Amino acid sequence: MSGNVELEKTLAIIKPDAVQDADEIKRIIKASGFSVIAERQIHLSTEQAGDFYAEHYGKMFFTNLMSFMSGGPIIAIVLAKKNAIEDWRKLMGPTNPMDARERFPDSIRALFGKDQTQNSVHGSDSVASASREIRFFFPQMILEPIPTGQTTER
Ligand code: RTP
Ligand code: MG
């Protein structure tokens with residue numbers, strides 16, 4: 001058995017507007033106690049960006065969000081830590097960087113976000129979305145402990 005049972009995983013994305021700041025963002029992430037357990041740079045198509053953010057389909061910002069997220073490479077990162085999902089959302093800060101700068105000046109969106117669309121980073125917002133989003137970028141990753149006697153085949 002490993003000692004990693006309490007560690008939670010979440011999906012972070014460094015969005016196209018902040019890829020140039022990736023080294024500094026990763027430094028802050030690691031200094032905040034997260035482990036980077038997988039990382040991948042990818043340039044999404046508009047369709048893939050729409051699939052990833054399907055929960056926002058039909059909202060007024062959806063088209064804009066798809067073109068932003070497919071407008072350049074992104075870096076998808078799996079982070080692990082106790083309470084990773086909530087703690088990464090806190091470290092990211094609020095959706096709108098202006099709001100982030102007022103209320104949470106040390107947050108990543110306060111430091112690196114440009115506007116309410118180009119806001120530097122993404123984070124999963126629940127256990128269910130973390131699971132879906134990690135699989136979206138890292139389909140081979142085994143997410144749940146596999147009980148003894150079962151195979152990884154599905
Ligand atoms: P994310 O999913 O990227 O972690 O961001 P979030 O939970 O803080 O915000 P969400 O409501 O899920 O929105 C997803 C992303 O859509 C863009 N957005 N643009 N009014 C706008 O122009 C607007 N609102 C949201 C942002 O890139 C936001 O992060
Ligand atoms: Mg969201």
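How many nonpolar, polar and charged residues are in the shell around ligand 1? There are 2 nonpolar, 7 polar and 1 charged. Here Ala, Val, Leu, Ile, Met, Phe, Trp, Tyr, Cys and Pro count as nonpolar, Asp, Glu, Lys and Arg as charged, and the others, Gly among them, as polar.

This is a predicted model, in which local features need pLDDT of at least 70, side-chain atom pairs count only at pLDDT 80 or more, and totals for chains, interfaces and linings use all residues. Residues are numbered from 1 along each chain as its sequence is written, while chains are lettered from A and ligands numbered from 1 in the order in which they are written.

**Stop 1: ligand 1.** Select His56, Phe61, Leu65, Thr95, Gln116, Thr117, Asn119, His122, Gly123 and Asp125.

**Stop 2: the whole chain.** Colour by secondary structure. The protein chain has 7 helices and 4 strands. Both are DSSP runs, numbered from the N terminus: helices are H or I of at least four residues, strands E of at least two. From the N terminus on, the order is β-α-β-α-α-β-α-α-α-β-α. Of the 154 residues, 31% are buried, meaning that 20 or more other C-beta atoms, placed from the backbone, lie within 10 Å of a residue's own.

**Stop 3: Lys9.** Find Lys9 in strand β1 (residues 8-14). Is Lys9 buried or exposed? Lys9 counts as buried because it has 22 C-beta neighbours inside 10 Å. Its contacts (C-beta atoms, placed from the backbone, within 7 Å) include Val78, Ala84, Ala130 and Leu143. Now select Lys81. The C-alpha atoms of Lys9 and Lys81 are 6.7 Å apart, though 72 residues separate the two along the chain.

**Stop 4: helix α4.** Select residues 84-92. Which residues of α4 are buried? They are Ala84, Ile85, Trp88, Leu91 and Met92. These lie on the same side of α4, because they cover an arc of only 130 degrees around the axis, taken from the directions from the helix axis to the C-beta atoms. An α-helix has 3.6 residues a turn, so residues three or four places apart point the same way. Show the cover next: it includes β1, β3 (74-81), α6 (108-112), β4 (121-123) and α7 (127-137). Just after α4, Gly93 has a positive phi of about 90 degrees.

Stop 5: UniProt, in an unreviewed entry, places a "transmembrane region" here, at residues 61-80. In the model this stretch is 40% helix and 35% strand. Its end C-alpha atoms are 30 Å apart.

Technical notes. UniProt positions are given in the numbering used here, feature names are shortened, and annotations may be inferred rather than shown by experiment. A residue is buried if 20 or more other C-beta atoms lie within 10 Å of its own, exposed if 12 or fewer, and partly exposed in between; C-beta atoms are placed from the backbone. A residue is near a molecule or strand if its C-beta atom, placed from the backbone, lies within 6 Å of it. Two residues are in contact if their C-beta atoms, placed from the backbone, lie within 7 Å.
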